[in-house]
Amino acid sequence: MLPEKMLTSPWDRWYSTSCCLCCHVRTGTIILGVWYMLINAVVLLILLTALSDPEQYHLTSAELANDLDVMDDANMCIASAISLLMILICGMATYGAYKLRAAWIIPFFCYQIFDFALNTLVAVSIVVYPNTIQDYLQQLPDNFPYKEEVAALSNVCLVLVVLLFIGCILSFKAYLMACVWNCYRYVSGRGGSEILLYVTTNDTTVLLPPYDDNVSVPPKQAPPPYTSATA
């Protein structure tokens, strides 16, 4: 017979119900969803405040040393809508992990995949076009902290530092993705175990219906009373 480890799929080998060394994946997903909701709520509050008082929070092209106004009303409205959508997605993930609803976790996991892919494209673009870092530094305001010190570094050093930083971020995001995925599998398994029950013996596997279904089935007509045969 083949060893049990060889029959296990690669996805099952990485499956774990714990994260951060001590937390359950369900608890970790709830904490992660609440944390993302708080961050996006703060961003939404800042954007709404900026929309209510545009003169105080508006950044002109002269302040940013470029030719575009990046904080106009249209962009802030789009950013506010994105923040509101993120709050909804994170709330769905939190509710799904708390109430054991696996389908509610999928939008948040899809957002994590999109965010991971976007950061990966940024890392690839830095490797392909290393001069973009210098161009970005030149667009920063003159009073930006440590701008001259960072600009004095060589392109190779800048690329290595930025790639190391992005690599750490990608590793952390991949770990969070694994936690949410394990939570989805755990919730799906809990939901499936409440529907079907398999009893396996040495020779056969019997599929039993749920206990509630057996209780709800009305009993059939009682058999006739037993009478002993007389000679």
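**Stop one: a charged pair**

Start by selecting Lys173 and Asp115: the two form a salt bridge, and their closest N and O atoms sit 2.5 Å apart. Keep in mind as you zoom in that this is a predicted model. Side chains of opposite charge can pair when their charged atoms come close.

Now show the helices around the pair. Lys173 belongs to helix H10 (residues 155-193) and Asp115 to helix H7, so the bridge links distant parts of the chain, 58 residues apart.

**Stop two: Asn119**

Stay on helix H7, which spans residues 106-128, and pick Asn119. Which residues does Asn119 touch, leaving aside its neighbours within four places in sequence? Select Ile166, Leu170 and Lys173, and you have its contacts. Lys173 is the salt-bridge partner of Asp115 from the previous stop. Asn119 has a relative accessible area of 19%, and the cut-off for buried is under 20%, so Asn119 counts as buried.

**Stop three: helix H8**

Move on to residues 131-139, helix H8, and colour its buried residues: Ile133, Gln134 and Leu137. Why do they end up on the same side of H8? Because they cover an arc of only 95 degrees around the axis. An α-helix has 3.6 residues a turn, so residues three or four places apart point the same way.

Key:
Residues numbered from 1 in each chain as written. Predicted model: local features only at pLDDT ≥ 70, side-chain atom pairs only at ≥ 80, totals over all residues. Heavy atoms only, no water. Helix = DSSP H or I, 4+ residues; strand = E, 2+ residues; numbered from the N terminus. Buried < 20%, exposed > 50% of the residue type's maximum accessible area, 1.4 Å probe, protein only. Contact = heavy atoms within 4.5 Å. Arc of directions from axis to C-beta. Salt bridge = Lys/Arg side-chain N within 4 Å of Asp/Glu carboxyl O.
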